[in-house]
Amino acid sequence: MAEFRIEAALEAAIAEAARLLTQARSAVALTGAGVSVESGIPPFRGPGGLWTKFGEPPLDGYQRFLRDPAKAWRERLNPAEEWARGLHETLTGAKPNAGHQALAELESLGCLKALITQNVDDLHRQAGQQALLEIHGNHYKLRCLDCHTRFDPKHFPIDEENLPPHCPGCGGIVKGDTVSFGEPIPPQVLRGCYDAVLRCDCMLVVGTSATVFPAADFPREVRSNGGQVIEVNPHQSELRGVATLALCGPAGAVLQRLLEHARTLQAAA
Ligand code: OAD
């Protein structure tokens with residue numbers, strides 16, 4: 001990717017964002033597919049987006065799973081769609097980028113109390129983010145639909161002759177942790193998100209089109225509670241008119257510069 005030059009107006013906006021973040025009592029980040037674009041993972045919408053290229057998948061994925069969980073598992077183990085096969089390969093080869101790393105550093109500086117991500121790619125965890133809420137689940141985990149326990153597939157052998165797998169704790173059906181279209185967000189993570197959003201007085205929104213609910217509501221909620229909303233996105237999103245400060249550029253360069261400003265402000269305090 002060509003190096004992005006930060007012009008004077010953006011530099012001033014980033015400095016202001018660092019001031020807001022370092023002064024906040026409870027700043028929270030909300031991220032979407034855009035933060036992982038510089039790791040080589042395509043977004044869903046817009047130029048180069050998966051849905052743009054292959055069309056949006058059926059919106060009743062969860063209902064289809066429930067109608068025939070064994071069939072859904074066979075499809076998961078041997079995906080027919082080109083995009084699903086390609087996505088798995090892209091995800092497993094991806095590494096955290098400068099944007100993920102800056103967010104993890106902002107947390108260690110005490111500038112972020114939590115990070116809510118819509119991404120299932122595990123890259124925030126790999127970058128060292130601690131207070132992480134994966135609202136749409138994690139591609140590398142499994143989850144019981146009844147008791148919501150999450151499992152690491154490494155310790156959860158799948159018997160292909162006996163699908164779907166069942167929860168060793170409660171006997172419920174086990175599904176991939178990624179939240180399907182039409183599936184309710186698991187209650188613990190949703191509660192965690194609302195707790196963070198209600199306390200949040202400054203939200204750093206990175207790389208999301210803000211079109212999928214409930215996550216798309218979080219910045220609006222913060223704004224209506226009187227908080228600040230800082231958006232990092234090279235393009236215009238649905239948050240036009242919601243963000244109090246727009247940092248128009250790619251996540252990696254903008255967040256690294258934001259981190260430098262936050263460090264300087266903390267050192268001077
Ligand atoms: P989208 O694909 O809808 O939006 C990605 C956003 O990232 C767009 O606004 C881009 O402008 C922006 N973007 C692109 N490159 C960027 C960069 N280098 N730095 C910063 N931003 C960049 O992705 P999401 O908003 O995450 O749900 O989509 C929300 C949900 O829709 C996903 O979690 C997924 C999908 O259905 C599930 O899988 C359940």
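## Basis of the model

A residue is called buried if 20 or more other C-beta atoms lie within 10 Å of its own, exposed if 12 or fewer do, and partly exposed in between, with C-beta atoms placed from the backbone. This is a predicted model, in which local features need pLDDT of at least 70 and side-chain atom pairs count only at pLDDT 80 or more, while totals for chains, interfaces and linings use all residues. Residues are numbered from 1 along each chain as its sequence is written.

Helices (H or I, at least four residues) and strands (E, at least two) are DSSP runs, numbered from the N terminus. Two strands are said to pair if DSSP finds at least two bridges between them.

Strand 8 spans residues 228–232, and five of its five residues are buried. Q228, I230 and V232 lie on one side of the strand and V229 and E231 on the other, so that both faces are covered. In a regular strand the side chains alternate between the two faces of the sheet.

Strand 7 (residues 202–206) pairs with strand 8 in the parallel sense over five bridges. Within this pairing, Q228 of strand 8 is the bridge partner of C202. From strand 7 the chain passes through helix 9 (residues 217–224) to strand 8, a β-α-β crossover that is right-handed; the term applies if, with the strands pointing away from the viewer, the path from the first strand over the helix to the second runs clockwise. Strand 8 also pairs in the parallel sense with strand 9 (residues 245–247), over three bridges. There, A246 of strand 9 is the bridge partner of E231.

## Strands 1, 2 and 3

Strand 2 is joined to strand 1 by four bridges in the parallel sense, and A114 of strand 2 is the bridge partner of V28. Strand 2 and strand 3 (residues 132–134) likewise pair in the parallel sense, over three bridges, with E134 of strand 3 as the bridge partner of T117. A114 and I116 point one way from strand 2, L115 and T117 point the other way, and all are buried.

The largest nonpolar core has 52 residues, among which V28, I116 and M203 touch the most other members. Such a core is a set of buried Ala, Val, Leu, Ile, Met, Phe, Trp, Tyr and Cys residues joined through C-beta atoms within 7 Å. Helix 10 (residues 251–268) gives the most to this core, with seven residues. Leaving aside neighbours within four places in sequence, V28 is in contact with residues including L112, I116, A196 and M203; contact requires C-beta atoms, placed from the backbone, within 7 Å.

Helix 6 (residues 98–108) has nine of its 11 residues buried. The buried residues of helix 6 pack against strand 1 (27–31), strand 2 (114–117), helix 7 (123–127), strand 7 and helix 10. Just after helix 6, G110 takes a positive phi of about 90°.

Three strands form an open sheet in the order 5-4-6, with antiparallel pairing. Strand 5 (150–151) and strand 6 (174–176) are the edge strands, each pairing on one side only. Strand 4 (residues 142–144) and strand 5 are joined by two bridges, and R150 of strand 5 is the bridge partner of R143.

## Ligand surroundings

Of the 26 residues around the ligand, G32, G34, P43, G207 and S209 come nearest; a residue is near a molecule if its C-beta atom, placed from the backbone, lies within 6 Å of it. The shell divides into 11 nonpolar, 13 polar and two charged residues. Ala, Val, Leu, Ile, Met, Phe, Trp, Tyr, Cys and Pro count as nonpolar, Asp, Glu, Lys and Arg as charged, and the others, Gly among them, as polar.

Note on methods. Two residues are in contact if their C-beta atoms, placed from the backbone, lie within 7 Å.
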